[in-house]
Amino acid sequence: ARSLVSRGALNATHPVTSGLACTRCEIGANACGVVGGNEAVSSLLAHELGEEPRLLGMDLLRLALERGATARAAVGHLTSLLEEHGQGGACEEDGDWTYENGFLLADAGEAFVVETAGTRHWAVERVPPGAGRNISNGLSIRTGVESCSAGLKELCVAKGWWDGEGPFDWKRSVGAGGRAHAKLDVRGRERAGADHLAAAAGRVSDGSLPAGDVAGWLGWMAGVLRDEESGICFRSTHGFMSTGSQISWLARGGGHTASHFFTAASDPLVACYKRWTFGDPAAAAGDGLAGDGGSLALWRRWRSIDLAGRSVPEAMRRALLEIEAEAVSAAERGGASEFSGSVARELELISSFAV
């Protein structure tokens with residue numbers, strides 16, 4: 001993919017990991033305990049993007065994580081970069097596909113949804129402590145806009161997308177031109193994610209999933225990301241598919257070292273989650289984007305297995321889940337992770353596949 005920013009111009013501040021050796025992030029975390037994810041969205045201003053190289057959503061996420069010591073600071077950096085440089089340009093090496101972006105950024109205290117429209121417009125929704133939020137390849141912010149780009153509301157009034165009097169509905173305005181429309185409904189993967197969050201909130205209320213239950217929450221999140229029926233888990237071998245999968249545990253008050261779990265594989269239904277902390281030896285090779293601890297080799301191995309149509313034997317699947325269970329146990333205890341060691345064990349386990 002081509003964009004405005006080259007790796008040498010990034011001027012990094014905080015170490016960042018995405019679980020793979022990449023110069024851009026669709027998912028990632030920094031050493032300050034800020035995590036984020038990026039998605040493609042579409043608005044009525046998408047025609048502005050064109051083919052001119054600007055910042056990609058993956059550039060914006062990486063830069064925000066490198067520069068933001070808190071989730072709120074990361075949001076500020078992201079929106080400032082968007083306004084200064086704009087977004088757009090080809091998002092694939094041999095094509096001209098381009099898209100607008102949505103983001104979810106969080107730290108241990110609060111979270112934010114950032115959604116964009118056109119080259120430089122944006123809206124932010126704050127997710128307060130105790131609340132849940134999911135995004136899924138579509139505009140999702142409604143009237144809970146905490147802040148937005150300068151001139152956005154005036155633009156929507158001028159285009160007849162908002163009357164300027166009632167509550168400003170971001171999705172209805174830039175996503176549907178101010179009209180009632182079926183695509184305003186929450187459905188598909190977004191609905192499934194919201195249902196998972198509601199179920200978790202119910203378990204918190206009845207005491208079956210306490211706030212500090214590290215293993216319980218990590219197991220719940222892994223289950224969500226392995227939900228193939230809803231489409232949350234992208235498993236397509238030849239079509240659109242997940243590149244990787246991440247879960248982060250960010251405890252308040254520093255009770256535990258922030259733990260980040262990566263599959264380093266496209267399919268979380270077969271690969272296990274491996275724990276990364278910024279004390280991991282792999283981080284010593286550079287930032288988490290340069291020192292991958294063998295994860296790129298693992299990703300390539302799993303990909304070749306997928307393309308060959310091989311199935312994972314049940315005994316091997318159990319062994320992989322043991323690695324995951326050990327990683328969760330380590331998160332409960334705190335301290336440095338052994339991401340590289342877990343990757344090496346997984347590579348050894350799957351080495352018997354002939355592809």
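Q: If contact means heavy atoms within 4.5 Å, what covers the buried residues of H2?
A: In this predicted model, the cover over the buried residues of H2 includes helix H1 (57-67) together with strands E4 (100-106), E5 (111-117) and E6 (121-127).

Q: What makes the buried residues of H2 line one face of the helix?
A: The buried residues are Ala-71, Ala-74, Val-75, Leu-78, Thr-79, Leu-81 and Leu-82. Viewed down the axis of H2, they fall within an arc of 160°, and therefore they line one face of the helix.

Q: How do you know that the span of helix H2 agrees with 1.5 Å a residue?
A: The 15 residues of H2 (residues 71-85) should span 21 Å on that basis, and because the end C-alpha atoms are 21 Å apart, the two values agree.

Q: Why is the pair of Glu-146 and Arg-72 called a salt bridge?
A: The cut-off is a side-chain nitrogen of Lys or Arg within 4 Å of a carboxyl oxygen of Asp or Glu, and the closest N and O atoms of this pair are 3.3 Å apart, so the pair qualifies.

Q: Why is Arg-72 called partly exposed?
A: Buried means under 20% relative accessible area and exposed over 50%; Arg-72, at 39%, falls in between and so counts as partly exposed.

Notes. Residues are numbered from 1 along each chain as its sequence is written. This is a predicted model: local features need pLDDT of at least 70, side-chain atom pairs count only at pLDDT 80 or more; totals for chains, interfaces and linings use all residues. Side-chain values use heavy atoms; hydrogens and water are left out. Helices (H or I, at least four residues) and strands (E, at least two) are DSSP runs, numbered from the N terminus. The expected span of a helix is 1.5 Å times one less than its number of residues. Buried means under 20% relative accessible area, exposed over 50%, partly exposed in between (1.4 Å probe, protein chains only). The arc is that of the directions from the helix axis to the C-beta atoms. Contact means heavy atoms within 4.5 Å.
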